[in-house]
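Try each task before you read its solution.

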Amino acid sequence: MKVYLDNNATTMVDPEVKKEMDPYFTEIYGNPNSLHDFGTACHPALRKAMDRMYEAIGARDEDDIVVTSCATESNNWMLKGIYYDLIQNGDKDHIVTTEVEHPSVIATCRWLEEQGVRVTYLPVNSDGIVQAHTVRDFITDKTALVSIMWANNETGAIFPIEEIAEICKEKSVLFHTDGVQAVGKIPVDVTHAGVDFMSFSAHKFHGPKGVGGLYIKDGHPLTSLLHGGEHMGGRRSGTLNVPGIVGMGKAMELATYYLKFEEQNVRRLRDKLEDAILEIPDIYSVGPREQRTPNTVLVSVRGVEGEAMLWDLNRAGIAASTGSACASEDLEANPIMSAIGADSELAHTAVRLSLSRFTTEEEIDYTIEQFKKAVERLRSISSSYAYMPENMKTTEGAHNG
């Protein structure tokens, strides 16, 4: 059996999305910026796609949604735009983010530090969540931006975005959230939440790869990352990816439609999988379920390297991961596990299992069977587990915190 449980890295394109995209590859293929009929034939589909995006995330007419190539571009544009506008050409010098952001945020912040920007990386609690009052404590009159993800890509932990947005509003500081892991998994309403900017990416909610977006409240000015044309109202140059935009719009519409299914059916399968895994001694899962997206579980298997576990699962036809695909070649300790204070051994044993609305009961049953076999085999050849003091072992799995 082939089982795909790495949906936080990417998702399959929903067949309905692909069907809607197909005509824009070979039938209606004109450049939408051209004045002839081949170009203008794309316009109705583009308008429909954009309307779907606005509705799906609760954006208003006065807001902008700018289509980008992915959330990595959106995050880079957001952070670098604020640097050019408010730090390099203003009187601010400080950005607040967290220790557990996606690599596209962390790496950009590291680059900004090289330009002289002060960046505060907020810690998370034992559940892997940044608490709102921590954000308040670190905002100063020199803070240009707070950038904190809506949901974590590795643990599924949902952050208190509305509270953080309210604090930023009180302090007159702009607030950006990386919403990549939230859209399509939990309700996302940017107007209700009060965020100023939000990044998202279509391939995380059963849309195509290579297309994403940045929500901008009230069309807030932001120096462009890409120059060269008047595309996207002059905000992001480059010929529009018409099939991608059409696909992202449809995928957003479907993701919103299936939110109840995510909350009920996907959560039930996730909990079934997690319960079975936690029956195995010395396994730990991160974060309370009610504070996680309904599809994600991050577990640490004491005595078993995460990469070894992935090898066994892959041989059984099961796709999982040890964390963000954007950092999958980095064999250092899992940063989330380190951030929540896990010991060095546990930090190397994390395995992420992320479901989708296409995951079946049979696939979960098979995964449970193979996961248990893999733990048994790998622990039988693990010297670190064999010689572990008995007082460090437990008789059953446990939730962290």
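Ser172 is found in the loop between helix H8 (161-170) and strand E6 (174-178); helices (H or I, at least four residues) and strands (E, at least two) are DSSP runs, numbered from the N terminus. A quick note first: this is a predicted model, where local features need pLDDT of at least 70, side-chain atom pairs count only at pLDDT 80 or more, and totals for chains, interfaces and linings use all residues. Residues are numbered from 1 along each chain as its sequence is written, and side-chain values use heavy atoms, with hydrogens and water left out.

**Exercise 1.** Work out whether Ser172 is buried or exposed, then do likewise for Asp282.

*Solution.* 
- Start with the backbone: phi of Ser172 is near 60°, a positive value.
- Asp282 also has a positive phi, about 60°.
- Most residues other than glycine have a negative phi.
- Now the surface: Ser172 counts as exposed because its relative accessibility is 67% (buried is under 20% relative accessible area, exposed over 50%, partly exposed in between; 1.4 Å probe, protein chains only).
- Asp282, at 0%, is buried.

**Exercise 2.** Find the ring cluster that includes Trp111, and the lysine over that ring's face.

*Solution.* 
- Ring pairs link Trp111 with Tyr83 and Tyr84 (Phe, Tyr and Trp rings, the six-membered one for Trp, pair if their centres lie within 6.5 Å; planes under 30 degrees apart are stacked, over 60 edge-to-face, the rest tilted).
- Lys80 lies over the face of Trp111, 5.1 Å from the ring centre (NZ of Lys or CZ of Arg within 6 Å of the centre and within 35 degrees of the ring normal).
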